[in-house]
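Have the sequence and the 3D view ready.

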Amino acid sequence: MNRDGKKLRVLTIGAVTGALYAVLTLIAAPISYGPMQVRISEALCVLPFLLPQTAWGLFAGCFLANLMTGNIFDIVFGSLATLAAGLITGLIGKRSRSAAALICGCLSPVIINALVIGTLITRAYEGLEIVGNFGVFAVNVLWLAVGEAAAVFLLGLPLLRILIKKDVFQIKNT
């Protein structure tokens, strides 16, 4: 595959990933938003482990899904949290494909989203200071971590293992 064909394939995979993220989030809207959320679409956050460029598609899909909240902080910082998690997951996948790397790649979106979205919900939605209301913040982080872990480890990790076994996202330099 020539250089332009490779770029087009990477761009297409990123676009499809972003569209799938947005659609899955909106289809499951009742459980995709709020302090106790399970975004099924977050299972896709493991894809950068195999193809780092999908991080940008996830960012775009998250941005589109977060437009539904109408909260500028959620739109900006929620989307940036997904991008950061995707980029870190991609770096982990580039360095190693070991079992420990798989777990670390899955933990990245759980930790980043729980902390960022936990902060966002506490400050932007509940209007509370983190320092004086650490208990509320901690509960928000915990609920978000549980929901994120459910999506990433129960759906994303098995998906990742299948894709690794099938060599689905390998872009050959031919």
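## About the model

This is a predicted model, in which local features need pLDDT of at least 70 and side-chain atom pairs count only at pLDDT 80 or more, while totals for chains, interfaces and linings use all residues. Residues are numbered from 1 along each chain as its sequence is written, and side-chain values use heavy atoms, leaving out hydrogens and water.

Two packed helices are described by the angle between their axes and the distance between the axes. Helices here are DSSP runs (H or I, at least four residues), numbered from the N terminus. Axes are lines fitted to C-alpha atoms over the stretch in contact, and angles run from 0 to 180 degrees between N-to-C directions.

Helix α3 (residues 54-66) and α4 have axes that come within 8 Å and cross at roughly 160°. They are therefore roughly antiparallel to each other (the term covers angles over 145 degrees). The crossing of α3 and α4 is right-handed, with the near helix turned clockwise from the far one by less than a right angle.

Next, α4 and α5 pack at about 165°, with axes 9 Å apart. That makes α4 roughly antiparallel to α5, and their crossing is right-handed.

## Helices α5 and α6

Helix α5 (residues 99-125) and helix α6 (residues 134-166) cross at roughly 150°, and their axes come within 8 Å. That makes α5 roughly antiparallel to α6. This crossing of α5 and α6 is right-handed.

Key:
Helix = DSSP H or I, 4+ residues; strand = E, 2+ residues; numbered from the N terminus. Parallel < 35°, antiparallel > 145°, perpendicular 65-115°, else oblique.
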